[in-house]
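Have the sequence and the model open side by side, and let's walk through a few spots together.

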Amino acid sequence: MPVGDVTVTLEDVLYLFGQPIDGEVVTGWTDSSHDFLVAQSLAIFSSKPQVSSSSKSYINLSRVGHIRDTQPLDTWESVMRYVRCHIFCLLGTTLFVDKSTVYFHAKYLPLLQNFDQISNYSWGSACLANLYRSLCCASRYNCKEMDGPLDLLFVWAWERMPRLAPIPRHQLALAEILVARRWSHHPQARKWMARIQANIRHAINIMEEFVWRLYIGIIIPAELHAHLDVCDMVGPLVSFECVE
């Protein structure tokens with residue numbers, strides 16, 4: 001860009017999404033068999049899965065959301081089921097979004113079985129791996145649309161490049177973890193999505209301002225403070241078969 005070379009980094013994922021960027025690798029063995037899918041769904045959701053007609057490895061997110069919203073929350077098992085369902089929906093709608101937006105791959109289910117282990121995974125670095133892969137695919141001349149964690153890309157652009165932002169940042173709530181939350185459901189943000197590509201390209205071409213040190217003064221929660229040590233790490237970002 002006119003200001004130099006820029007990209008979304010691990011630091012951005014940590015501050016914008018509040019996701020851990022260090023920890024256990026988000027990966028594992030995958031099994032597309034029906035028996036695997038049913039067994040995992042019963043273990044996580046206590047219900048048989050509603051799958052995609054085109055791919056039996058993808059679970060309907062609306063069904064999972066319904067299971068979550070109907071939990072009585074009167075026992076620890078019900079609370080854990082609610083949290084697992086919510087995390088699965090979060091993964092499928094925010095961190096690892098694909099073009100369907102309705103279904104999500106069952107390969108992530110085994111990572112939710114050990115309740116105490118869920119927070120130990122490096123969900124943030126896996127999310128960034130998916131974004132890098134999506135950006136790579138979107139750069140191809142025959143690519144018609146893009147998937148991946150686009151919320152991360154949008155908020156990163158709005159925070160780092162004020163000229164592109166739907167509204168001036170000083171009109172928003174003060175930035176805190178999660179920084180992305182202050183853009184959530186803002187009507188101007190939705191209006192921004194309707195801008196044509198030529199206008200956005202022109203704004204980037206004449207851009208002179210880029211916020212290099214964005215997160216000064218933002219307090220990191222104690223459980224994520226150690227993750228600041230890997231913000232400038234150079235190494236593989238892993239999300240199952242996606243390695244960047």
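**A look around the fold**

Leu10 is buried, because its relative accessible area is 5% (buried means under 20%, exposed over 50%, and partly exposed in between, using a 1.4 Å probe and protein chains only). A quick word on what you're looking at: this is a predicted model, where local features need pLDDT of at least 70, side-chain atom pairs count only at pLDDT 80 or more, and totals for chains, interfaces and linings use all residues. Residues are numbered from 1 along each chain as its sequence is written, and side-chain values use heavy atoms, with hydrogens and water left out.

Back to Leu10, which sits in helix H1 (residues 10-17). Helices (H or I, at least four residues) and strands (E, at least two) are DSSP runs, numbered from the N terminus. Leaving aside residues up to four places away in sequence, Leu10 touches Ile21, Ser125, Leu128, Val230, Cys231, Met233 and Leu237; contact here means heavy atoms within 4.5 Å. Ala129 is 119 residues from Leu10 in sequence, yet their C-alpha atoms are 9.8 Å apart in space.

Now turn to helix H3 (residues 61-69). Its buried residues are Leu61, Val64, Gly65, Ile67 and Arg68. Seen down the axis of H3, these buried residues fall within an arc of 160 degrees, so they line one face of the helix (the arc is that of the directions from the helix axis to the C-beta atoms). Ser62 and Asp69, on the other side of H3, are exposed. The cover over the buried residues of H3 includes helix H2 (34-45), strand E1 (58-60), H4 and strand E2 (103-105).

How do H3 and H4 (residues 76-95) meet? Their axes come within 8 Å and cross at roughly 150 degrees, with axes being lines fitted to C-alpha atoms over the stretch in contact, and angles running from 0 to 180 degrees between N-to-C directions. That makes H3 roughly antiparallel to H4 (under 35 degrees counts as roughly parallel, over 145 as roughly antiparallel, 65 to 115 as roughly perpendicular and the rest as oblique). On the H3 side, the contact is made by Leu61, Val64, Gly65, Ile67 and Arg68; H4 brings Arg81, Tyr82, Cys85, His86, Phe88, Cys89, Gly92 and Thr93.

Last stop: Val102, in the loop between H4 and E2. Val102 counts as partly exposed because its relative accessibility is 37%. Not counting residues up to four places away in sequence, Val102 touches Ile59, Asn60, Leu61 and Ser62.
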